[in-house]
Structures are given as structure tokens and as C-alpha cells.
Amino acid sequence: MLMAVDVGNTNITIGFYDKDELVATKRASTAERRTSDEIAVLLFAFMDLADISPSDVDAVIVSSVVPKIMHSLKNAIVKYLHIEPLIVGPGIKTGISVQLDNPRSVGADRIADCAGAYYTYGGPVLVVDFGTATTYDYVDEHGVFRAGAISVGIESGANALWGRTAQLPEVEIRMPETIMARNTATEMQAGIFFQFLGGFETTVKQYRRELKQDFRVIATGGLGRVICGATDLIDVYDPDLIFKGLKTIYDKNQDQ
């Protein structure tokens, strides 16, 4: 069994593959100051919830954009699972050719998302991850990562709004019934949602304008679920895209 771990700025997500089947996924908040023992407790608790024995796990792959947690995470995996994890980074086969100005600066999660989208849905494809930040990554028909865009995430932007304005409350981020809001909470929901939706649609249309060709739009990330029902510009919403990418990368490195 393969355990795929993605360490993001907000959450750690874990997927368990039994051969080619994703049998369970779990999520925890990212805490940089956890010890290896604390991380082990978390991993074992997740395995218990998924009815998976630690002895069933014989391989681990990790992507991370939080360097501070990696020492404890790797130690936990080695110490308690007795497995040397495969870390997505330079020198690892991904099946994606990153042809940007500085390929090493691209987050491992974005590479994994691109691998998941390209090898699951084909190319050309625009991969949109609605996470802490919203990323747009274009992969052509040959598996070449040619361009990207990064913007504020919808939740990060909303947090800035109510965090820096004393009289505005924290509200649920969701699609409002109408733009004709009549109280502060629904006014905020309407403003946050439609501004973000418009930004997303404008960005996708700009890619089409400049590329002068069509492509599929594959969306992922927790808040993608909120957006995908409100636009016809998303072809597929796949919440498990990162795990599919990590599984693809793991498989490509088994002949080394």
C-alpha cells in the first residue's frame, strides 16, 4: 500500500492507495512545530480511522511546500513506519517537463497536480488549484509545463477582509442566492464570491486569448467545490488530483 502525503500551507492531506485504487483520504491542519512523535500519532490515528494497518503501508511519497515541517515528518515516517519516503523535488522523475525561468522554484504540489491532470485527463490542460493561493498551471499536449499564474486564494482574501476591518464579521464562503444583498453578512458573501468568480473566469479567458487554442480546465482544492457549480469554464473538478499526481510520480520512479 502507498501512502501519499501532501503538506500544504493550510492542510496536510493524506491518501492511501491499495495498488491503483485510492481507498481513503484524510486531512489535518498544518502545524510547523509538531514533533516527529506527534506526527506519528497523527498518521497512526488516520490509519486506524481508515481501518489500515501500519504494516500494510510499504511505500510513502511526500510533496511539501512547508520546509519547516519536513524534518519531523520524514523522521516520523522512518522511525515508526521504517520506510524511507520519496520526496518530490529536484532529481525526481515526474513526467512533467517544467520549462519556466526557474523550474526549481515551482512548488512540489503544483508539479504533482500537473502530473495528475496530464496523465489522467490528457493535454493541453489548465490546472487550477483553489487552495491557500489560487494557482493556474498550463501544461501542453506534450506534457510541458509552459506557464503559470498565482493569485490570492478566496479564503485568504476573505480572511484579510474581516481581519483588517473591525466592524465586518467572519462569514461562510459560499455562493449567495442573489447579488442583491441586504445585510452586511450577505453583502460580504456576494462581494467575495462574485469578485473571485470573475477573476477566475477572466484568467481562464486570458489564457485562451493568448494561447489561441482550446484546452481542458481541471480544478482541484477545497474551495474549488464552491466555484465549480457557478461557472461553465471548469471541465472537471477533481478533489483527489494531488493524490493521482503523487501516485503517478511514485510509479515513474520505481525503475530507479
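Which strands does helix 5 (residues 184-211) lie across? Helix 5 lies across strand 7, strand 8, strand 9 (144-152) and strand 10 (216-220), and runs at about 20° to strand 8.

## Basis of the model

This is a predicted model, in which local features need pLDDT of at least 70, side-chain atom pairs count only at pLDDT 80 or more, and totals for chains, interfaces and linings use all residues. Residues are numbered from 1 along each chain as its sequence is written, and side-chain values use heavy atoms, with hydrogens and water left out.

Helices (H or I, at least four residues) and strands (E, at least two) are DSSP runs, numbered from the N terminus. Axes are lines fitted to C-alpha atoms, for helices over the stretch in contact, and angles run from 0 to 180 degrees between N-to-C directions.

Five strands form an open sheet with mixed pairing, in the order 3-2-1-4-5; two strands pair if DSSP finds at least two bridges between them. Strand 3 (21-29) and strand 5 (86-87) are at the edges with a single partner strand each, so one side of each has no neighbour in the sheet. Helix 1 packs on this sheet and touches strand 1, strand 2 and strand 3, where contact means heavy atoms within 4.5 Å. The direction of helix 1 makes about 135° with that of strand 3.

Strand 1 (residues 2-7) and strand 2 (residues 11-18) run antiparallel and are joined by six bridges. Val5 has Ile14 as its bridge partner in strand 2.

## Helix 1 and helix 2

The axes of helix 1 (residues 36-49) and helix 2 (residues 67-81) come within 8 Å and cross at roughly 60°. That makes helix 1 oblique to helix 2; angles under 35 degrees count as roughly parallel, over 145 as roughly antiparallel, 65 to 115 as roughly perpendicular and the rest as oblique. The crossing of helix 1 with helix 2 is right-handed (a crossing is left-handed if the near helix is turned anticlockwise from the far one by less than a right angle, and right-handed if clockwise). On the helix 1 side the contact includes Ile39, Leu43, Phe44 and Met47, and on the helix 2 side it includes Ile69, Leu73, Ile77 and Tyr80. The residues of this contact divide into eleven nonpolar, three polar and two charged. In this scheme Ala, Val, Leu, Ile, Met, Phe, Trp, Tyr, Cys and Pro count as nonpolar, Asp, Glu, Lys and Arg as charged, and the others, Gly among them, as polar.

The structure holds seven salt bridges, each a side-chain nitrogen of Lys or Arg within 4 Å of a carboxyl oxygen of Asp or Glu. Lys79 belongs to helix 2 and Asp37 to helix 1, so the pair ties together parts that are 42 residues apart in sequence.

A six-stranded open sheet has the order 6-9-8-7-10-11 and mixed pairing. Its edge strands are strand 6 (97-98) and strand 11 (236-237), each of which pairs on one side only. Six bridges link strand 7 (residues 125-130) to strand 8 (residues 133-139) in the antiparallel sense. In that pairing Val125 stands opposite Val139 in strand 8.

## Further helix contacts

Helix 3 (residues 108-121) and helix 7 (residues 241-252) have axes that come within 7 Å and cross at roughly 85°. Helix 3 and helix 7 are therefore roughly perpendicular to each other. Among the residues that meet are Ala112, Gly116 and Tyr119 in helix 3 and Leu241, Gly245 and Ile249 in helix 7. By class, this contact has nine nonpolar, four polar and four charged residues.

The axes of helix 4 (residues 154-163) and helix 5 come within 11 Å and cross at roughly 140°, and the crossing is right-handed. Ile154, Ala158, Leu161 and Trp162 in helix 4 meet Met188, Ile192 and Phe196 in helix 5. The residues of this contact are seven nonpolar, no polar and no charged.

## Backbone details in loops

The peptide bond from Gly123 to Pro124 is cis, with omega near 5°. Pro124 lies in the loop between helix 3 and strand 7. His82 has a positive phi of about 60° although it is not a glycine, and is placed in the loop between helix 2 and strand 5.
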